[in-house]
Amino acid sequence: MTFFVDANVIVYAATASGYRDPCLRVLEAVAAGRADGRTSPAVLEEVWYVERSGRAGRVDGLAARAYAIFTPLLPVTDEAFRLALEVRGSGLGPADRLHVGTCRSHGIDTVVSADSGLGGLRGLRRVDPLDATALDRLLSEGG
Amino acid sequence: MYTERLQILVSPEQRRRLEAAARRRGESVSALVRDAVEQHLGSVDPADRLEALEAVRGMRGRYLPVDELERLVEGERTGP
């Protein structure tokens, strides 16, 4: 099954915290072709900003490495933008709305993210990387 | 270098759309199909993906909570 990978999963795979190991598991499964985790240029742009800021420590080259793992990226299309504009009833900002629109435009109903703001949206299930049971199930469903 | 010949069947409608798209882009149908393959499969081979993964595994970044990450991205977008 195809799922969407949020920027925080990529950043947390490269940073020291309890999120590191589960987020690395996601990247490992995608890199090895065992899971169909996809992301978009909009997500990698966020990763790039985090890398460039220097505030997340030594993560030089993270955006380029993430690109190598996730290419081909999901295109952020006209339809994705239209669907982003239609996201209702949440406190999500434009970037997260665009991710939701990208998921919907590609028929993706699951997002892996540490951001609880992406939970509770119609037709989109959030898997928290710290939810070992849900992550195991997602990654075992294959690519 | 292209050394592999691939013969595929498409519908008349798909052929028409391929030829129209190739004309618009000023290139051959073959070039268009090769480009579509790259877009669909990505341009990085499996060994390079695993090498990228190992590079990420070797990074030692500093944890920032989700809300701080989002503020950071917004701040970087808008500049100083």
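This is a predicted model: local features need pLDDT of at least 70, side-chain atom pairs count only at pLDDT 80 or more; totals for chains, interfaces and linings use all residues.
In total, chain A has 7 helices and 6 strands. Its radius of gyration is 14 Å, close to the 15 Å that the globule rule gives for 143 residues, so chain A is as compact as a globular protein of that length.

- The C-alpha trace of chain A spans about 35 × 35 × 25 Å along its principal axes.
- Of the 143 residues in chain A, 48% are buried.
- Counting contacts in chain A between residues at least 6 apart in sequence, 61% join residues at least 24 apart.

**Strand pairing within chain A**

- Strand β1 of chain A (residues 2–5) pairs with strand β3 of chain A (residues 36–38) in the parallel sense, over 3 bridges.
- In this pairing, A:F3 of chain A stands opposite A:G37 in β3(A).
- β1(A) also pairs in the parallel sense with strand β5 of chain A (residues 110–112), over 2 bridges.
- Here A:V5 has A:V112 in β5(A) as its bridge partner.

**Helix packing within chain A**

- Two packed helices are described by the distance between their axes and the angle between them.
- For helix α3 (residues 41–53) and helix α6 (residues 94–105) of chain A, the axes come within 9 Å and cross at roughly 150°.
- On the α3(A) side the contact is made by A:A42, A:V43 and A:E46, and on the α6(A) side by A:A95, A:L98, A:H99 and A:T102.
- By class, the residues of this contact between α3(A) and α6(A) are 4 nonpolar, 2 polar and 1 charged.

**Contact between chains A and B**

- The contact takes 32 residues from chain A and 27 residues from chain B.
- On the side of chain B that touches chain A, at least two residues come from each of α2 (29–41), α3 (46–57), β1 (60–62) and α4 (66–78) of chain B.
- α3(B) gives the largest share of that side, with 9 residues.
- The side of chain B that touches chain A divides into 15 nonpolar, 5 polar and 7 charged residues.

**Strand pairing across the chains**

- Strand β2 of chain A (residues 15–16) is joined to β1(B) by 2 bridges, and the two strands run parallel.
- A:T15 has B:G61 in β1(B) as its bridge partner.

Notes:
Residues are numbered from 1 along each chain as its sequence is written. Chains are lettered from A and ligands numbered from 1 in the order in which they are written. Axes are lines fitted to C-alpha atoms, for helices over the stretch in contact, and angles run from 0 to 180 degrees between N-to-C directions. Helices (H or I, at least four residues) and strands (E, at least two) are DSSP runs, numbered from the N terminus. Two residues are in contact if their C-beta atoms, placed from the backbone, lie within 7 Å. Ala, Val, Leu, Ile, Met, Phe, Trp, Tyr, Cys and Pro count as nonpolar, Asp, Glu, Lys and Arg as charged, and the others, Gly among them, as polar. Two strands pair if DSSP finds at least two bridges between them. The radius of gyration is taken over C-alpha atoms; the globule rule is 2.2 Å times the number of residues to the power 0.38. A residue is buried if 20 or more other C-beta atoms lie within 10 Å of its own, exposed if 12 or fewer, and partly exposed in between; C-beta atoms are placed from the backbone.
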